[in-house]
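Please open the structure in your viewer and keep the selection tool at hand. The stops below say what to select next and what is to be found there.

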Amino acid sequence: MRRPRHEQQVSQAFVQLADTLVDDYDIIDLLDRLVAHAVTLLAADAAGILLGDARRLLRPVSASSDDAQTIELLQVQCEEGPCLEAFETVAQVRVPDLARMADRWPRFVAAVEDAGTFASVHAIPLRLRGQAIGAMNLFHRRPGPLSDDALALGQALADVATIGILQERAIRRGEVVNEQLQTALNGRVVIEQAKGVISQRLGVGMDEAFARLRHFARANNLRLTEIARQTVDGELDTDLLVTR
Amino acid sequence: MADLGTVTRTLLGIIRDGSDDHALAQQICQACMDGLDVDGAAISLLTATASRETLWATDATAELLEDLQFTLNEGACMEAAVTGNPVLVPDLHHSTEIARWPIFAAAVAEQTTVGALFALPLQWGAVNLGVLDLYRCTPGGLSTTQWHDALAAADTAALMLLGQRTAPGSDDDGDHGTTAAAWLDHALAHRAEVHQATGMVIAQLGIGAADALARLRAHAFVHQRLLIDVARDVVDRTLVFTENPT
């Protein structure tokens, strides 16, 4: 039976996320867990999260895979595509068959065709008080729509992302949302820089560099972004990252 | 895109004419004064070696605020610099704020008429360039719109200053204006590959992140290529930086 197993996975995912939210957690680490859960629970082949910055421009912050194609598919949606639409309309965008959307999003569809792997995509807004602070993207190799149940689950994951961003530190004054978004986005930059340092020092790819950084942070109960910053500043011996 | 703030729009419209850090900081401070209803602004650079330089202060009070904080080693700006988070003090005379920085608050009360302070870090990943400080004589917080604009302005100002400090070659070259503008193109400056390549060059040359970015930009400039393409070559390991400038 597939169903009970699936329900078990769903509850385990939310229990793990709820546990994370209790501690002094790192927002990038939380979003990284979220996209991994989204891939598993929604049988997606890739997932990613983009957040709007203070200029209301979308920027990728998390991806289930660091391969260049996935990153490019997220990147191009800063300008056009389902994620930008979900972000602007605060509504879910279902694209069961991408091949038919070339007129609407020429650059995005071209990028998907270049990647050659995905046939359908869904975008779910990260909602907050009638606005969107970003969007979650789900890619599937097979064409076809996600069920309403699956989209509801995806929305629940997106809502956890919003809560996570808002609660990362104690909420103070009204400005907290933009401030937290900015912190999360800058955290992403630090992590990319750290991945480069590790990749060069240890002779590994970007995916592996991130896996080692994440493993070290989690194993030692340290904040991912802080470990990344120490890596860039040369305060952390990258030889410590040899195992995962 | 949607609702760009007044200050951010002004900053994006500033024509880069080969002016130096100080002139650029002056323009940024002025845009903040015009658009954010503040009485003064200052930009100070803070380097890893704990040295600092105030690039521009709009008036004597703004300059004094910077000096006091660096001398006393406490205050909103120092906290923003250390934590990398914005520090907002809508009422500097409030007891909780005084408790936060007792010596600084006392000195400000004694020597100035400043009532509110807002300190915004200027950063690019692990690079902390410095802080944009804004002050008001009357206590009161920034409105949501102003806050939104202030954050976006700080983000843009950080990219502008970083672009200025890492810009390659002579400013007389006609191409340079294009390069500088391209750097400010948000989508380009925030490409993952640019950050990853910066990290790789940090490790290849044993230098800091700002210097690594400068080397990448210099290479792109000399070879008349886009920064993103140079970054991709570095990530793909087809381009490796060595001690000798390329």
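## A guided tour

Begin by selecting Gln224(B), which is exposed, with 8 other C-beta atoms within 10 Å; a residue counts as buried if 20 or more other C-beta atoms lie within 10 Å of its own, as exposed if 12 or fewer, and as partly exposed in between, the C-beta atoms being placed from the backbone. Gln224(B) sits in the loop between H11 and H12 of chain B, and although this residue is not a glycine, its phi is positive, at about 50°. Before moving on, note that this is a predicted model, in which local features need pLDDT of at least 70 and side-chain atom pairs count only at pLDDT 80 or more, while totals for chains, interfaces and linings use all residues. Residues are numbered from 1 along each chain as its sequence is written, and chains are lettered from A and ligands numbered from 1 in the order in which they are written.

**The helices on either side of that loop**

Now select helix H11 (residues 209-222) of chain B together with helix H12 (residues 227-235) of chain B; helices here are DSSP runs of H or I with at least four residues, strands are runs of E with at least two, and both are numbered from the N terminus. The axes of H11(B) and H12(B) come within 9 Å and cross at roughly 115°, where axes are lines fitted to C-alpha atoms, for helices over the stretch in contact, and angles run from 0 to 180 degrees between N-to-C directions. The two helices H11(B) and H12(B) are therefore roughly perpendicular to each other, a term used for angles of 65 to 115 degrees, whereas those under 35 count as roughly parallel, those over 145 as roughly antiparallel and the rest as oblique. At this crossing, Leu216(B), Arg217(B), His219(B) and Ala220(B) of H11(B) meet Leu227(B), Val230(B) and Ala231(B) of H12(B), two residues being in contact if their C-beta atoms, placed from the backbone, lie within 7 Å. Sorted by class, the contact of H11(B) with H12(B) has five nonpolar, one polar and one charged residues; Ala, Val, Leu, Ile, Met, Phe, Trp, Tyr, Cys and Pro count as nonpolar, Asp, Glu, Lys and Arg as charged, and the others, Gly among them, as polar.

In which order do the five strands of the open sheet of chain B stand? Their order is S2-S1-S5-S4-S3, with antiparallel pairing, where two strands pair if DSSP finds at least two bridges between them. Strand S2 (52-57) and strand S3 (87-89) of chain B stand at the edges, each with a single partner strand, so one side of each is left without a neighbour in the sheet. Helix H3 (residues 60-72) of chain B lies across S1, S2 and S5 of that chain, running at about 35° to S1(B).

The bridge partner of Val89(B) in S4(B) is Leu117(B), and three bridges join S3(B) to strand S4 (residues 116-124) of chain B, the two running antiparallel. Leaving aside residues up to four places away in sequence, Val89(B) touches Ala76(B), Glu97(B), Ala116(B) and Leu117(B).

**Across to chain A**

Finally, show both chains: the contact takes 33 residues from chain A and 34 residues from chain B. On the side of chain A that touches chain B, H7(A) gives the most, with 16 residues, and the residues of that side divide into 10 nonpolar, 10 polar and 13 charged. End at Asn221(A), in the loop between helix H8 (206-219) and H9 of chain A, which counts as exposed with 8 C-beta neighbours inside 10 Å.
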